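Here are a few friendly notes on the charged side chains, for you to follow with the model open beside you.

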Amino acid sequence: MDVVIIALVQVISVAINIFIWFLIASAVLSWLVAFNVVNTSNRFVYTVGDFLYRLTEPVLRPIRRILPDMGGIDLSPIVLILLLYFIQSVIAGLAVRML
């Protein structure tokens with residue numbers, strides 16, 4: 001049973017880390033589009049941007065509703081990354097206590 005719990009915690013940890021990298025990529029791409037470094041009329045850039053938007057926006061939208069308006073600064077990815085690290089450490093701590 002211990003092997004299953006350890007494997008499950010590792011899979012969840014990897015999934016959280018991958019989602020954090022998607023959040024970072026989405027934020028960087030939005031900055032690149034905002035500063036006109038890349039153009040969304042490029043089909044590849046549009047496809048990557050649309051994929052990242054569809055993946056991250058459902059999770060970021062509730063956080064944006066809660067956070068106060070900071071002008072042009074979007075702090076929701078930072079809040080979500082901190083929340084995901086917290087969840088990751090709680091899951092790891094619970095797994096250690098179960099073993």
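1. Arg-61 and Glu-57 form a salt bridge, with 3.8 Å between the closest N and O atoms. The term here means a side-chain nitrogen of Lys or Arg within 4 Å of a carboxyl oxygen of Asp or Glu. Because they sit four residues apart in helix α2 (residues 43-66), about one helical turn separates Arg-61 and Glu-57. Helices are DSSP runs of H or I with at least four residues, numbered from the N terminus.

2. A word on the model: it is predicted, so local features need pLDDT of at least 70 and side-chain atom pairs count only at pLDDT 80 or more, while totals for chains, interfaces and linings use all residues. Residues are numbered from 1 along each chain as its sequence is written, and side-chain values use heavy atoms, leaving out hydrogens and water.

3. Is Glu-57 buried or exposed? Glu-57 is buried, at 10% relative accessibility, whereas Arg-61 is partly exposed at 39%. Buried is under 20% relative accessible area, exposed is over 50% and partly exposed lies in between (1.4 Å probe, protein chains only).

4. Glu-57 also meets Arg-64 in a salt bridge, at 2.6 Å from N to O. Arg-64 is partly exposed, with 32% relative accessibility.

5. Arg-64 in turn pairs with Asp-74 in a salt bridge of 2.8 Å, N to O. This pair links distant parts of the chain, 10 residues apart: Arg-64 lies in helix α2, and Asp-74 in the loop between α2 and α3 (76-98). Asp-74 is partly exposed, at 37% relative accessibility.

6. Through shared partners, salt bridges join Glu-57, Arg-61, Arg-64 and Asp-74 into one network.

Conventions. Helix = DSSP H or I, 4+ residues; strand = E, 2+ residues; numbered from the N terminus.
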